[in-house]
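Biologist: Please take me through the terms applied to this model and set each value against its cut-off.

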Amino acid sequence: MNKIDIKNDLYNRCIEYVEEKIKNASDAIENAQRSANEETKSSVGDKYETGRAMLQMERNKFEIQLKESLKLKEFLDQINVKKEYQNIQPGSIVKTEKGNYFIAINAGKQQIGKEIYFTISLASPIGRELADKQKNDYYSFNGMKIKILEVI
């Protein structure tokens, strides 16, 4: 598998991750709304109002998650995976002495063939250290000085 294919695979895994988050949040909003609609007024008014308020808070929480996931999707849509980068930025694959990274969103550890890649954002602690660096530069993490071996 060539470098662009690896980058494309990692990108697609990030897209799948975000689409799953969008689906889960949308489903949860729908379920919370359905529950609120089914909630019937009981003889104890306070219990009814408390239940509806709790359902509304839950729905609001899922709406926030949905908005955040949609922002991640929008961010991913702007990444050009066909481009090879000199400086580390979104869409870069970074190989270091201590690990491999795909700079996009925080979507966890991914294995492609025998290699492990961590999908991270530039807002993460390692991402902030890597931002705008190039091949043969060093970054510090957890008190270690780590060399960047390759930027793709």
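Modeller: The terms follow one by one, after a note on the source. This is a predicted model, in which local features need pLDDT of at least 70, side-chain atom pairs count only at pLDDT 80 or more, and totals for chains, interfaces and linings use all residues. Residues are numbered from 1 along each chain as its sequence is written, and side-chain values use heavy atoms, with hydrogens and water left out.

Biologist: Why does Thr96 count as buried?

Modeller: Buried means under 20% relative accessible area, exposed over 50%, and partly exposed in between (1.4 Å probe, protein chains only). Thr96 has 7% relative accessibility and therefore counts as buried.

Biologist: What makes the approach of the Thr96 side chain to Lys98 a polar contact?

Modeller: A polar contact is a pair of N or O atoms within 3.5 Å; within protein, one must be able to donate a hydrogen and the other to accept it, and residues adjacent in sequence count only if both atoms are side-chain atoms. A polar atom of the Thr96 side chain lies 3.1 Å from the backbone nitrogen of Lys98, and one lies 2.8 Å from the backbone oxygen of Gly99.

Biologist: Why is the aromatic pair of Tyr101 and Phe118 called tilted?

Modeller: A search of the whole structure finds one aromatic pair. Tyr101 and Phe118 form this pair, at 6.1 Å centre to centre and 40 degrees between the planes. Rings of Phe, Tyr and Trp (its six-membered ring) pair if their centres lie within 6.5 Å; planes under 30 degrees apart count as stacked, over 60 as edge-to-face and the rest as tilted, so the pair is tilted.
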